[in-house]
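Q: I am new to this structure and would like to go through it step by step. Could we look at it together?

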Amino acid sequence: MNTILLLRTRLLRLSAIAAGVVLATLAVNGFGANDRRLATLAAAYGLLVLSLVVLTGFAGQVSFVQAQLAGVGALVTGWLVANMGWSFWAAAPVAVAASVIVGVVVGLPALRLQGLILGVVTLALALGFDAYLFTLGPFGKGFTLARPALPGLNLADDRITFAVCLAVLLLAALAVANLRRSGTGRLFAAVRDSEVAARTAGVDVTRLKLTAFAVSAGLAGLAGVLLALTVGSVEKQSFGLLFSVNVTAVATLMGTGMVGSAVAGGLFLAFGGQVLNLAGLDPQYFNIVLGAGLIAQLIAAPEGLLPKLGRLGSAIAAKRAPSPVIDTNPATVTP
Amino acid sequence: MLLASASALLPGFTVIGLVNGGTFALLALGLVLIYRVSGVLNFAQGAVAMFSTFCAYQVSVLWGLPSWAGLLAAVAVGMGLGWAIERTLRPLAGRPVLVRTVVTVGWLLVLQELAGFLWGRNAYHQAVRVVPLSKAFTAPGGTPVATDQILTIVVAVALALGLAAVLRRTSLGADARAVADDPTAARLWGINVGRVTSASWMVGCGMAAVAGVLLTPRLNFDTISLTVLVIEGLIAAVIGGLSSLPLTVVGGFILGVAEAWPRAFAPTNPGLEKFIAVLVVVAVLSIRPPKVLGARAA
């Protein structure tokens, strides 16, 4: 009985994802070439934000180095395909694995550090990648790669590429949502809420922190692979220090506690400039909006925009249809 | 053979390292002052320095006023920014330190972009020179050391010692130390915690402005370089242990020398120096994790 139910929910979720991909692709079909490109970027950036949902939202670790982890994925893909003559599909898993390994190494300082100091160290690591590691050997020059062939799908078509990227994002989001409910996910929450308490209760904090960094780096690496796929060229400039700060800012702005932040954050990162343009402003001022938004959000809704919106939504719904259940939560009782 | 030539070069590169270290120390001092009193690491310290320096540029280069007027304007703007940042942190009292620190990341993004809007992105800007870039003496190994570089070190050391003396000997300093130790207890003693915190942000950011004006002649004067230099300031502050101001200057010197020494062995690029800075901070932290301000951080 339980198995059937489980299968049914799984099937429902997967068909919801399929429907979402089809609908979004139909919508994108009506876009111009530039908007299609941005929509595809939004899916890849969404994975980057998702990597912070796991790391910060679930496990409570701070990181300013996510864009560089994506850079590892993208640059390794580019190097294997352009210089080593690998097939893209063989290079992609190797690149993700490389990101995971780098992510675990990056996570090592987190074993002894917390909060602010970990923030400083990851920011310093981002600088190390930006200023030095990404300039080494062939990485410094960047790579160009052709769209790979996939049997049955024409990846040269923008709409197909978009659909593939969105499907990857949504499947990853589903996996992350499942991860949160799993045993590991609850242990993440234990480490996030109190490391000391978790350790006292016998939780292997070391293993969990490194797992969080590994999963997060894998997602970031996957984002890098998708960027390599869609952009067609890989340059270290796309994975710079300030972009990394932007990614962390956007994830915080949307709320790292919710998986949905990945979609919202990806859209915001990709289309933010475009929206400013529509409003008659220079899209280059995106960071002013982002920074000011971040300050305002932290003051008004420290948990993030999405959870705040969700609460507002349910409050409005509750007003419209007063529930017969007596609310015992003193916080919601109005005087 | 290689080692022999390297040891001959080491003294010269030590001097260079100390000079660069003074740079980092100058940025780090304000960071540590603010951190001690408010528990927040100001990630926007470099951005404040950059923005204030552009104000000095506006006054001294674009309006043609003397350089000391530019310096004054920069300090005023820096202090104003410090006041403003602290104001945005006030509603977040009692929130996790991390949340309050991310607010400074928001300020970083705003200031960096605003400066680009006001004074242009990526363009070359003529730096304000408080002292001429003349050679003061030649260090061992034939490395020339300029007047402004000596001034950087002197200002860093003087500010560290002066501020430490203010903290130790004046009643305002006693108030600041009380707030740093325990804001609740300080409030019970009748200390105006808000005013002390505000003052520390203003002084800390004013110091960032001084650092910015002194450093720009040696940097690429754009909206990025100084903003990003905050990372090395943070590293210097962390090496110094985030508590004592004189130790912060020592932290700056250690970082500067660690970055410069490899150059004695082989010609390196500036990128490698940044990478070494990362290795140094990771090494220092694994040997001696810093005492995080405990109760208030939670």
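Predicted model: local features only at pLDDT ≥ 70, side-chain atom pairs only at ≥ 80, totals over all residues.

Q: How many residues of chain B are in contact with chain A?
A: On chain B, 40 residues are in contact with 35 residues of chain A. The elements that each give two or more residues to this side of chain B are α4 (97-119), α9 (225-239) and α12 (270-287) of chain B.

Q: Which of them gives the most?
A: That is α4(B), with 16 residues on the side of chain B that touches chain A.

Q: And how do the residues on that side divide into nonpolar, polar and charged?
A: There are 31 nonpolar, 6 polar and 3 charged residues on the side of chain B that touches chain A.

Q: On to the nonpolar core. Which residues touch the most other members of the largest one?
A: The largest nonpolar core has 225 residues, and Leu47(A), Val49(A), Ala124(A), Leu226(A), Leu29(B) and Val281(B) touch the most other members. Helix α1 (residues 2-38) of chain B gives the most to this core, with 17 residues.

Q: What is Val281(B) in contact with?
A: Leaving aside neighbours within four places in sequence, Val281(B) is in contact with Val121(A) and Ala124(A) of chain A, and with Ile235(B), Val238(B) and Ile239(B) of chain B.

Q: Now helix pairs. At what angle do α2 and α9 of chain A pack?
A: Helix α2 (residues 33-58) of chain A and α9(A) pack at about 175°, and their axes are 8 Å apart. The angle is over 145 degrees, so α2(A) is roughly antiparallel to α9(A).

Q: Which residues make that contact?
A: From α2(A) they include Thr40(A), Leu47(A), Val54(A) and Phe58(A), and from α9(A) they include Phe213(A), Ser216(A), Leu219(A) and Thr230(A). By class, the contact of α2(A) with α9(A) has 18 nonpolar, 4 polar and no charged residues.

Q: What about α6 and α8 in chain B, at what angle do they pack?
A: Helix α6 (residues 171-181) and helix α8 (residues 193-215) of chain B pack at about 100°, with axes 10 Å apart. That makes α6(B) roughly perpendicular to α8(B). In this contact, Asp175(B), Ala176(B) and Val179(B) of α6(B) meet Val193(B), Val196(B), Thr197(B) and Ser200(B) of α8(B). The residues divide into 4 nonpolar, 2 polar and 1 charged.

Q: Back to chain A. How far apart are the end C-alpha atoms of α4?
A: They are 28 Å apart, which agrees with the 28 Å that the 20 residues of helix α4 (residues 88-107) of chain A should span at 1.5 Å a residue. The buried residues of α4(A) include Phe88(A), Val96(A), Val100(A) and Val106(A). The buried residues of this helix pack against α3 (66-83), α5 (115-131) and α9 (205-231) of chain A.

Q: And what covers the buried residues of α12(A)?
A: The cover includes α10 (241-254), α11 (261-278) and α13 (305-320) of chain A, together with α3 (67-89) and α4 of chain B. Among the buried residues of α12(A) are Phe286(A), Asn287(A), Leu294(A) and Leu298(A).

Q: For contrast, where is Leu26(A)?
A: Leu26(A) lies in helix α1 (residues 2-29) of chain A. Leu26(A) is exposed, because 11 other C-beta atoms lie within 10 Å.

Methods: Residues numbered from 1 in each chain as written. Chains lettered and ligands numbered in written order. Contact = placed C-beta atoms within 7 Å. Helix = DSSP H or I, 4+ residues; strand = E, 2+ residues; numbered from the N terminus. Nonpolar A, V, L, I, M, F, W, Y, C, P; charged D, E, K, R; others polar. Buried ≥ 20, exposed ≤ 12 C-beta atoms within 10 Å, placed from the backbone. Expected span 1.5 Å × (residues − 1). Axes fitted to C-alpha atoms, helices over the stretch in contact; angles between N-to-C directions. Parallel < 35°, antiparallel > 145°, perpendicular 65-115°, else oblique. Core = buried A, V, L, I, M, F, W, Y, C linked by C-beta atoms within 7 Å.
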